[in-house]
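Reader: Could you walk me through this one? I'd like to learn how to read its features one at a time.

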Amino acid sequence: MLKLSVLGVALIALAAWTEGNTGCRNGMVCMESFTYTVTNHLIWPYFNNSIAFKIDGNKPVIHYMQQACEMEPKQFINFTATYYHQYGYYIDAINGIRDNYYNNGTYWEFWNATTALNVGVSYYIPSPGDRVLLKFTVDSSKQSTKRHYKRTANGRLS
Ligand code: B12
């Protein structure tokens, strides 16, 4: 009996040590967490999916994007990115919705709670309380007069 209680206490201590003193962990909104959201209101199937992460050192957003796909694959199905030596990864598509900036002005815009960010997902490091957002957007200066977009076989909009 005594052995079991000692084991129990040891397990609780181990859990507290792994999660930090606050018990904050992935999936839980708390002092040490931020939320990551992907939102698309432009083309069906629309989605607005969020997940909370405990901040993991100085890891950039792209690290958590991959974690989201592993943890919640129904909401964060996939993403594709192109690597640019100077700026890191550029997000081309999320959940099969692909940008087509030069034809219709659409792209995945990168935001935190207050502002469109001036770096990409490889360089932005979330801080506690942050709300990081990738929002499927149309650049109004490039927007055509079309109101409805159709999704083609490769996920692009026509
Ligand atoms: C055109 C452009 C865009 C277009 C890209 C169109 C496309 N690829 O389909 C749009 C408007 C979509 C865009 C988006 C973004 N952009 Co931009 N963009 C530019 C701009 C004005 C010109 C790039 C260009 O054509 N160069 C000439 C060609 C020949 O060289 P290139 O290497 O092939 O260019 C490609 C890359 O630059 C890439 N690209 C464009 N923006 C970005 C951003 C990131 C993070 C990456 C990895 C790649 C990338 O697309 C270009 C065309 O294929 C530059 C400013 C500048 N004057 O350089 C900013 C610039 C590159 N963009 C920037 C940023 C921050 C972004 C965004 C993160 C903004 C946001 N908050 O959403 C997003 C990217 C988000 C994502 N999806 O990952 C910054 C990068 C700064 C940095 N240190 O990381 C720049 C330098 C502007 C600035 N001074 O703030 N962008």
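Author: We'll go from confidence to layout, then the sheet, the core and the ligand shell.

Author: This is a predicted model, where local features need pLDDT of at least 70, side-chain atom pairs count only at pLDDT 80 or more, and totals for chains, interfaces and linings use all residues. Residues are numbered from 1 along each chain as its sequence is written.

Reader: What is the mean pLDDT of the protein chain?

Author: pLDDT is the predictor's confidence in each residue, from 0 to 100. Here the chain's mean is 85, and 76% of its residues reach 70 or more. Watch residues 6–19, though: pLDDT is below 50 there, and beyond near neighbours in sequence this stretch has four contacts in the model. A contact means two C-beta atoms, placed from the backbone, within 7 Å.

Reader: How many helices and strands does the protein chain have?

Author: Both are DSSP runs numbered from the N terminus: helices are H or I with at least four residues, strands are E with at least two. This chain has three helices and seven strands, in the pattern α-β-β-α-β-β-β-α-β-β along the sequence.

Reader: Which strands form the open sheet, and in what order?

Author: In general, strands of a sheet pair through backbone hydrogen bonds, either parallel or antiparallel. Two strands count as paired if DSSP finds at least two bridges between them. Here the order is E3-E4-E5, with antiparallel pairing. E3 (79–84) and E5 (97–98) are the edge strands, each pairing on one side only. Six bridges join E3 to E4 (residues 88–94), and Ala 81 stands opposite Ile 91 in E4.

Reader: Which residues have the most contacts inside the largest nonpolar core?

Author: A core is a set of buried Ala, Val, Leu, Ile, Met, Phe, Trp, Tyr and Cys residues joined through C-beta atoms within 7 Å. Buried means 20 or more other C-beta atoms within 10 Å of a residue's own, with C-beta atoms placed from the backbone. The largest core has 22 residues, with Tyr 36, Ile 94, Trp 108 and Leu 134 having the most contacts inside it. Among the elements supplying at least two residues each are E4 and helix H2 (61–71). Leaving out residues up to four places away in sequence, Trp 108 touches Ile 91, Ile 94, Asp 99, Leu 134 and Phe 136.

Reader: How many residues surround the ligand?

Author: A residue is near a molecule if its C-beta atom, placed from the backbone, lies within 6 Å of it. The shell has 20 residues, and the closest are Tyr 87, Tyr 90, Tyr 101, Tyr 107 and Gly 120. E4 and E6 (106–111) are the elements that give two or more residues to this shell.

Terms used
A residue is buried if 20 or more other C-beta atoms lie within 10 Å of its own, exposed if 12 or fewer, and partly exposed in between; C-beta atoms are placed from the backbone.
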